[in-house]
Amino acid sequence: MFEHPLPLTIKPLKLARQEGKLTGHMPLARLQNLAADCVSAEGLVEADLQLYTEQGWPALRGSASARVQLVCQRCLEPVTVALAVDITLGFVQGESQLQSLPESLEPFVLEAEEIPLAELLEQELILALPIVAYHDHCEPIPYQEQEPGDSGAQEEKPNPFAVLEQLKGKVDKSDN
Ligand SMILES: [Zn+2]
């Protein structure tokens, strides 16, 4: 856990020239688009970022993480999900520079000299959101109503316990 708050805005080109380091936290609520996908905007985003120059390009690398509350798709209660991303960005000024950027850098198009750090962090963390979230152990909400005509269409699936028993059998045999 980092003790210090992150700056709200950064000047990436200047920071890259100075080889600046950004380490700290900011409220999840600052990452408005990410928080909008979560049950609650409470919590912290942590980041450990190094700015530098790669093959002449202003660049940033590091990691960011957050614990967010999503809706469990089985019981529909909030579930805490840990997000963690490694970040490697190259800053480009305008679309025309995109093609020259080294392939090792993911482009971040700068629209101003100074940008909100939250914007950069949420762009990366949103990509780490799971498509669906589940608790490890929870009960599905009881099925209220079944659509008429939807029954009887269940696919025959092998019983997972039968498969387990088979595997166990194999392990037991190989032990002998
Ligand atoms: Zn659940």
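**Close-up views of a predicted model**

**View 1. Strands β4 and β5 form a hairpin, with six residues between them.** In this predicted model, the turn includes L76, whose phi is positive, at about 65°. To find your bearings along the pair, look for R67, which stands opposite A82 in β5. As you follow the strands, keep in mind that side chains in a regular strand alternate between the two faces of the sheet.

**View 2. Strand β5 is also joined to β6 (residues 106–109).** Here the two strands run parallel, with four bridges between them. A handy landmark is L89, which stands opposite E106 in β6.

**View 3. L105 sits in the loop between β5 and β6.** Although L105 and L89 are 16 residues apart in sequence, their C-alpha atoms are 5.1 Å apart in space. Beyond its neighbours within four places in sequence, L105 is in contact with T88, L89 and G90, and also with E54, W57 and A59. L105 counts as partly exposed because it has 19 C-beta neighbours inside 10 Å, and a buried residue would need 20 or more.

**View 4. T9 lies in strand β1 (residues 9–10).** Its contacts, leaving aside neighbours within four places in sequence, are E114, I115, P116 and L117. A118 is 109 residues away from T9 in sequence, yet the C-alpha to C-alpha distance between them is 7.9 Å. Is T9 buried or exposed? T9 counts as exposed, because it has 12 C-beta neighbours inside 10 Å and the exposed class covers 12 or fewer.

Notes
Residues are numbered from 1 along each chain as its sequence is written. This is a predicted model: local features need pLDDT of at least 70, side-chain atom pairs count only at pLDDT 80 or more; totals for chains, interfaces and linings use all residues. Two residues are in contact if their C-beta atoms, placed from the backbone, lie within 7 Å. Two strands pair if DSSP finds at least two bridges between them.
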